[in-house]
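Biologist: I'd like to learn how to read helix packing and cores in a model. Can you walk me through it?

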Amino acid sequence: MPSNAIAQMWRTFRSVAQFDSFEWNATQRRLKRVASVDDLRRIAKRRLPAGVFDYIDGGAEDERTLGTNSSDFSKLEFRPRVLRDVSQLDTSTTIFGRPASMPVILAPTGFTRIAHSQGELAVTRAAARAGIPHSLSTMGTRSIEEVAEANPEGEKWFQIYTWKDRGLVQELVERAKAAGFGAVWLTVDTAVLGRRERDVRRGMTLPPKLGPKTLVDGAIHPAWTWDFLRAEPITFANIVGRHDEDGSTAISLADHVKRQFDQALSWDDIDWLRSFWDGPIVLKGIQTVEDAKQAVAVGVEGIGLSNHGGRQLDDAPTPVSLIEVVKQEVGDQATVICDGGIRRGSDIVKALALGADAVSLGRPYFLALGAAGEPGVDWLLEFLREGLERTMALGGVRSLDEISRELVAWRR
Ligand SMILES: Cc1cc2nc3c(=O)[nH]c(=O)nc-3n(C[C@H](O)[C@H](O)[C@H](O)COP(=O)(O)O)c2cc1C
């Protein structure tokens, strides 16, 4: 081939060839290939031992509610308005009088260090950077005080289950108050534990048992195993030494709930909580209009429309399907939070258009932590913010106040 032809080919190749600079940081390299929550989930599935992934990802029984929590968002379509000057967008809001950069709350999840040794500390720092509330679970693996130290300025909520040992619950709430937590979720959908069949099948215990299966699983997930073995043992950090099962003896989660949770919890107990907590209370696990009305009647400030991410009662109604009917009944008497199934910024806009004041989510950040540690959670929160802004711009709204019922319609 003549040399001028080769030179021409080289010039043409140079004009189109683009080489990204090599990313030396392995986590950032991984995140560069991520485009969605589904991608984070796929990476978490690859990196985490199967039992750990299934504990996070799984739902109750046939997992129908787990599926519909998300897929019900696709029953809504947008009615976008155009030519509205969307050059300036504002995603900020206030939740219980405290500013938030967007209407998103990180929901409480138990045993968060199972995905990454930093656990709740990584999550709370990422939430603080993003300017949104982070919720610490009673079943958390970092203590109230550790979380407060990692996130002294940001908004923090504490979640309680009511145990038979009421004194201990009161103690925890008082510690949370002293540490500057601003709201309490009272989870009301866990009288007994839902049957999570992936966990049953894998014999999942808390903490995880180190049997031959775990060892094999660990060997084929070396990054997780290395991180797990180098860190101090995982415990229920807030109640170490206070329960028979403080994290040092492996038992199933179902057995823990059966032994410790108070199945007699009732509406009268809201007054009991009120007697030592004067901040906002959000009932987490409201699933009917009747209970939403009763929640307002007993004076709680927040209604968490939630089925525990499809982990409790399978075939429970989806949070998104409840927003509108609940909002019509309760109006502005309570802050309505749609918890479950949120995977994109567009889901947030849909929930708000139906009348929710904010949304909360669990698996997306837990899986992000498993996929890429703290930078994974940062990535997720930026992804949600961008998605929220993009949907607002494409829908023709500039602020959350402009998101109205007219922005969405149920598909025919
Ligand atoms: C692994 C895992 C652990 C959870 N632990 C708790 C918990 O300790 N307390 C609680 O109230 N909810 C818990 N939840 C439920 C979440 O707070 C939230 O309701 C749910 O994850 C929302 O659904 P999503 O995962 O589709 O976002 C947990 C959820 C997951 C996935």
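Modeller: Start with helix 4 (residues 50-57) and helix 17 (residues 363-395), which pack at about 160° with axes 10 Å apart. Helices here are DSSP runs of H or I, at least four residues, numbered from the N terminus. This is a predicted model, where local features need pLDDT of at least 70, side-chain atom pairs count only at pLDDT 80 or more, and totals for chains, interfaces and linings use all residues. Residues are numbered from 1 along each chain as its sequence is written, and side-chain values use heavy atoms, leaving out hydrogens and water.

Biologist: At what angle do helix 4 and helix 17 pack, and how do I read that?

Modeller: Angles run from 0 to 180 degrees between N-to-C directions, and those over 145 count as roughly antiparallel. At about 160°, helix 4 is therefore roughly antiparallel to helix 17.

Biologist: Which residues in helix 4 and helix 17 meet?

Modeller: Contact means heavy atoms within 4.5 Å. Phe53, Tyr55, Ile56 and Asp57 in helix 4 meet Arg363, Phe366 and Leu367 in helix 17.

Biologist: And how do I read a nonpolar core?

Modeller: Nonpolar side chains tend to be buried together in soluble globular proteins. A core is a set of buried Ala, Val, Leu, Ile, Met, Phe, Trp, Tyr and Cys residues joined through side-chain atoms within 4.5 Å, with buried meaning under 20% relative accessible area (1.4 Å probe, protein chains only). The largest one here has 103 residues, and Leu273 and Leu380 are among those with the most contacts inside it. Helix 17 gives the most to this core, 15 residues.

Biologist: Is Lys327 buried or exposed?

Modeller: Lys327 is buried, at 17% relative accessible area. Its place is in helix 15 (residues 319-330).

Note on methods. Helices (H or I, at least four residues) and strands (E, at least two) are DSSP runs, numbered from the N terminus. Angles under 35 degrees count as roughly parallel, over 145 as roughly antiparallel, 65 to 115 as roughly perpendicular and the rest as oblique. Buried means under 20% relative accessible area, exposed over 50%, partly exposed in between (1.4 Å probe, protein chains only).
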